[in-house]
Amino acid sequence: MKSVGLKTLAATAIVAGSLPGVASAEDLTLCWAAWDPANALVELSKDFEAKSGNTMHFEFVPWTSFADRMLNELNSGGKLCDLMIGDSQWIGGGAENGHYVKLNDFFAANNIDMADFIPATVTGYAEWPKNTPNYYALPAFGDVVGWTYRKDWFERPEIQKEFKAKYGRDLGVPVTLEELKDIAQFFQGREIDGTTVYGAAIYTERGSEGITMGVTNALYNYGFQYENPNKPYDLDGFVNSDGAVAGLEYYKDLYDTATPPGSSNWYMSEDIDAYKSGQVALQMNFAFIWPGVEADPNVGHGKSGYFPNPAGPAGQFAQLGGQGISVVAYSDKQDAALEYIKWFAQPEIQARWWELGGYSALRAVVEDPGFASSQPYAQTFLDSMAIVKDFWAEPAYADLLLSMQERVHNYVVAGEGTAKEALDGLVKDWTEVFEDEGKL
């Protein structure tokens with residue numbers, strides 16, 4: 001798709017005509033998580049209501065209960081949701097269990113080309129099976145785990161001097177995970193402006209997906225693989241490789257030596273709170289938080305910086321977040337729901353989505369020459385989306401996730417056993433899941 005200026009795209013949204021093809025006005029309900037981007041989508045959707053005559057309703061559920069609530073809705077064939085912005089891991093179950101409408105014919109009829117979207121988001125949010133041209137969602141919200149840091153603290157001459165004396169290098173954005181750990185340990189317990197601060201807020205939450213979404217950022221970069229690249233569902237020696245063990249040990253060491261007291265069950269909101277309140281020098285979190293950081297009176301307006309997940313011995317990767325938008329197969333209003341997707345896919349709407357705080361996955365937006373300088377975190381978003389990996393998107397993803405949550409939390413936070421024992425146990429658990437699924 002030809003690149004068009006961001007300001008031009010946004011302006012076009014204001015003067016664009018009404019959407020064709022909707023026979024009569026409908027009340028549509030869109031289901032998503034309750035977070036800042038959802039509020040931005042409500043604002044964006046006013047344009048759709050004005051052009052289509054449809055009325056949008058929204059069901060937003062906190063992340064900690066989002067999966068339970070919405071997967072129960074889908075599994076029961078419920079009609080609450082006409083549109084679902086489901087997590088990336090749901091795409092396999094959404095497709096194989098018939099929860100989501102297959103969109104290939106609709107895309108073809110409306111000139112919606114998946115080549116116009118960031119490739120990682122197409123693979124992560126839309127395709128099932130992976131790496132096949134079978135689409136059950138439109139990439140809706142690009143997201144990835146990255147890092148926020150107190151740029152103002154890093155720039156203090158006395159802190160820079162002390163850091164260089166200790167580590168023999170300048171204090172700056174870390175290139176490797178080991179450098180990140182050095183920085184976090186350096187700030188751990190330090191007094192700044194009369195307050196004791198700590199190194200890093202990282203993901204440790206056990207109840208949903210938190211610690212998995214955190215620890216993978218170390219595992220991937222130390223050599224962990226979900227399976228044998230040449231033999232699907234062959235796990236032994238890949239999930240529990242020597243590199244994977246080293247990565248899990250790294251994450252535990254980071255937790256033990258460089259995180260705030262009482263951070264044994266933290267995820268997105270806890271990390272945000274710790275960072276904005278001035279407790280930590282570094283914050284691991286999904287990119288969706290960056291607009292809020294930038295606007296915050298305590299840590300925004302130039303006080304914070306952003307960087308991609310640093311490299312490890314086996315490469316540089318980051319945990320994919322984000323979601324695609326799907327039409328729910330049980331909806332009685334599928335035509336109107338499809339019109340919403342057609343509207344949302346327009347370049348001018350995607351440009352406005354970015355302006356409001358949503359993370360567009362449309363290449364016409366993110367590859368625009370002005371994108372990288374449009375926000376202080378825009379380049380970091382681009383760099384991060386280029387290095388993503390994702391968790392299993394199998395229909396049995398929930399069972400796979402529960403096992404990983406338990407195994408890694410018991411080791412990292414509770415201190416039970418060794419990293420090798422934790423990953424060996426994970427191989428055992430996952431093998432049983434795939435045997436039950438008939439895939440082994």
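**View 1. A salt bridge joins Asp 332 and Lys 79 in this predicted model.** The closest N and O atoms of Asp 332 and Lys 79 are 3.1 Å apart. Side chains of opposite charge can pair when their charged atoms come close. Asp 332 sits in the loop between strand S10 (318-327) and helix H14 (334-344). Lys 79 sits in the loop between H3 and S3. The pair therefore ties together parts that are 253 residues apart in sequence. The count of salt bridges comes to 18.

**View 2. Cys 31 and Cys 81 form a disulfide.** A search of the whole structure finds 1 disulfide. The sulfur atoms of Cys 31 and Cys 81 lie 2.0 Å apart. The torsion about their S-S bond is about -90°, so the disulfide is left-handed. Cys 31 belongs to strand S1 (residues 27-33). Cys 81 lies in the loop between H3 and strand S3 (83-87). The two cysteines are 50 residues apart, and the pair links distant parts of the chain.

**View 3. The domain assignment divides the protein into domain 1 and domain 2.** Domain 1 takes in two stretches, 27-143 and 321-385. Domain 2 covers 145-319. The C-alpha centres of domain 1 and domain 2 are 28 Å apart. Domain 1 brings 17 residues to the contact, and domain 2 brings 14.

**View 4. Domain 1 and domain 2 bury about 1,400 Å² between them.** Carbon and sulfur atoms give 67% of that area. On the domain 1 side, Asp 143, Tyr 377 and Thr 380 supply 33% of the area buried against domain 2. That is more than any other three residues supply.

**View 5. Polar contacts cross the interface of domain 1 and domain 2.** There are 4 residue pairs in polar contact across this interface, both residues of each pair at pLDDT 80 or more. The number of salt bridges across the interface is 0.

View 6. By residue class, the side of domain 1 that touches domain 2 holds 8 nonpolar, 6 polar and 3 charged residues.

Methods. Residues are numbered from 1 along each chain as its sequence is written. This is a predicted model: local features need pLDDT of at least 70, side-chain atom pairs count only at pLDDT 80 or more; totals for chains, interfaces and linings use all residues. Side-chain values use heavy atoms; hydrogens and water are left out. Domain bounds come from an automatic or database domain assignment. Contact means heavy atoms within 4.5 Å. Buried area is the accessible area (1.4 Å probe) that two parts lose on being put together, summed over both. A salt bridge is a side-chain nitrogen of Lys or Arg within 4 Å of a carboxyl oxygen of Asp or Glu. A polar contact is a pair of N or O atoms within 3.5 Å; within protein, one must be able to donate a hydrogen and the other to accept it, and residues adjacent in sequence count only if both atoms are side-chain atoms. Ala, Val, Leu, Ile, Met, Phe, Trp, Tyr, Cys and Pro count as nonpolar, Asp, Glu, Lys and Arg as charged, and the others, Gly among them, as polar. A disulfide is a pair of cysteine sulfur atoms within 2.5 Å. Helices (H or I, at least four residues) and strands (E, at least two) are DSSP runs, numbered from the N terminus.
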